[in-house]
There are 2 protein chains.
Amino acid sequence: MVHTITEHEVLTAVLRVGDLDSGRPRLHVLLWQRAREPQLGRWSLPGGLLRGNEDITASARRQLAEKVDLREIAHLEQLAVFSAPDRVPDVRTIASTFLGLVPSPADPELPSDTHWHPVDDLPPMAFDHETMVAHAHSRLVAKMSYTNIGFALAPTEFILSTLRDIYSVVLGHQVDATNLQRVLVRRGVITRTGTTARSGRSGGRPAARYRFTESQLRVTDEFAALRPPGWVGLES
Amino acid sequence: MVHTITEHEVLTAVLRVGDLDSGRPRLHVLLWQRAREPQLGRWSLPGGLLRGNEDITASARRQLAEKVDLREIAHLEQLAVFSAPDRVPDVRTIASTFLGLVPSPADPELPSDTHWHPVDDLPPMAFDHETMVAHAHSRLVAKMSYTNIGFALAPTEFILSTLRDIYSVVLGHQVDATNLQRVLVRRGVITRTGTTARSGRSGGRPAARYRFTESQLRVTDEFAALRPPGWVGLES
């Protein structure tokens, strides 16, 4: 019998836009520091071994709740399986990974061995976890352009400059707020709340507040040629 | 120790548009019939247990080559992990699944226990494999609208009515060939070859032939507002 018995671990890259009100927002990932060998002191994605009575999604949620006291994940999706035979020493361990998103400015209390780290300035990481973070980031970047996934990163209500900061930070380049507003409103992704922010940073006239229309992931730009006959969507 | 030792299997939903020249094309999935208990005679996705010296992608490719003699996969991507504790009897087995695509009219020779089945008319399937097929189909449907994934289903060169048939069959509704051509050419997804088909089915004037510009998956419709400054793409 050449096949192999494995352990299965479930790891989640939880991403969040931090320091949103500071003027220098950054994309952060939640990491905890290994307290034992191998690779004592290295930073890891939160997670652990799958239990006998749970599937991988239940395992991811349990571990985030137990180990980092994180219960408010706005979006959680399967990312990829990491299965190189030698990815960890000793018993072969296959990792199922998730992408988790936490909205700003939610700032959950964290245990002392757990911290948010900037995705573009990671500390030395355990095993293949740095690749997992890169994978999570690139999945998020892709989904920013064809889904409404921003709902899971933004505050419940926001002004456009805040949303622009979120998009800019995730994408890694400056995004124009006017274009962003035009496209997202046309696609029905964001809606005006009818209220305005009490004061803008720049002290000009009050800025309109927006919210995401939905808080479930959907593809936002099925192109017209592919729509079924009689399709009635948010854009029509 | 409450965690559990598992076996790991790798299964692939290989999809193809069959009967493309018949006037009644359908989306097919490749299945083989179980030759042993449990669930003897039920239809399964091709695959099997992960070996000690391979990762899941290598395993998927090996098993498709060995078991169904399928070596020409135009696109292969990780789909999802199926991990319900009771998904198969006896030893807990976690399944990593892949979506595989084979172009038309490639019609590889198959072993006698292996057949293409219409996705919308599946035979009784083993374990949770029917859910896996549904998952593969819905991933493909989504990617038809925001990527160039059609390259992996289409013949190397094709006329527009053929491409329309492929899109229509995958999406499950009639697509307009003129709109499709307009959008895919504008996005740089398809290009005219400069040649024409010798004769159309309807016997009109010769139809222009096209090909996919690339045979690597990419997101085709990052919207302009999200492009980096100075971005130069196929559409500019």
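A charge sits over a ring if NZ of Lys or CZ of Arg is within 6 Å of the ring centre and within 35 degrees of the ring normal. Keep that in mind for the first stop. The model on your screen is predicted.

**Stop 1: a charge over a ring.** Select Arg16(B) and Trp116(B). Arg16(B) lies over the face of Trp116(B), 4.6 Å from the ring centre. Now select Arg16(A) and Trp116(A). Here Arg16(A) lies over the face of Trp116(A), at 4.6 Å from the ring centre.

**Stop 2: a helix in chain B.** Select residues 129-146 of chain B. This is helix H2, with 18 residues. At 1.5 Å a residue the helix should span 26 Å, and its end C-alpha atoms are 26 Å apart, so the two values agree. Buried residues in H2(B) include His129(B), Met132(B), Leu140(B) and Tyr146(B).

**Stop 3: aromatic pairs.** Over all chains, the structure holds three aromatic pairs. Select Tyr146(A) and Tyr146(B). Their ring centres are 3.4 Å apart and their planes meet at 15°, so the pair is stacked. The pair crosses between chains, from helix H2 of chain A to helix H2 of chain B. Tyr146(A) counts as buried because its relative accessibility is 6%. Tyr146(B) is also buried, at 6%.

Next, select Phe158(A) and Phe212(A). This aromatic pair is tilted, with 5.6 Å centre to centre and 50° between the planes. Phe158(A) is in strand S8 and Phe212(A) is in strand S10, 54 residues apart. Both Phe158(A) and Phe212(A) are buried.

**Stop 4: a loop.** Select Gln174(A). Look in the loop between helix H3 and helix H4 of chain A. Is Gln174(A) buried or exposed? Gln174(A) counts as exposed, because its relative accessibility is 54% and the cut-off for exposed is over 50%.

Definitions and conventions
Residues are numbered from 1 along each chain as its sequence is written. Chains are lettered from A and ligands numbered from 1 in the order in which they are written. This is a predicted model: local features need pLDDT of at least 70, side-chain atom pairs count only at pLDDT 80 or more; totals for chains, interfaces and linings use all residues. Side-chain values use heavy atoms; hydrogens and water are left out. Helices (H or I, at least four residues) and strands (E, at least two) are DSSP runs, numbered from the N terminus. Buried means under 20% relative accessible area, exposed over 50%, partly exposed in between (1.4 Å probe, protein chains only). The expected span of a helix is 1.5 Å times one less than its number of residues. Rings of Phe, Tyr and Trp (its six-membered ring) pair if their centres lie within 6.5 Å; planes under 30 degrees apart count as stacked, over 60 as edge-to-face and the rest as tilted.
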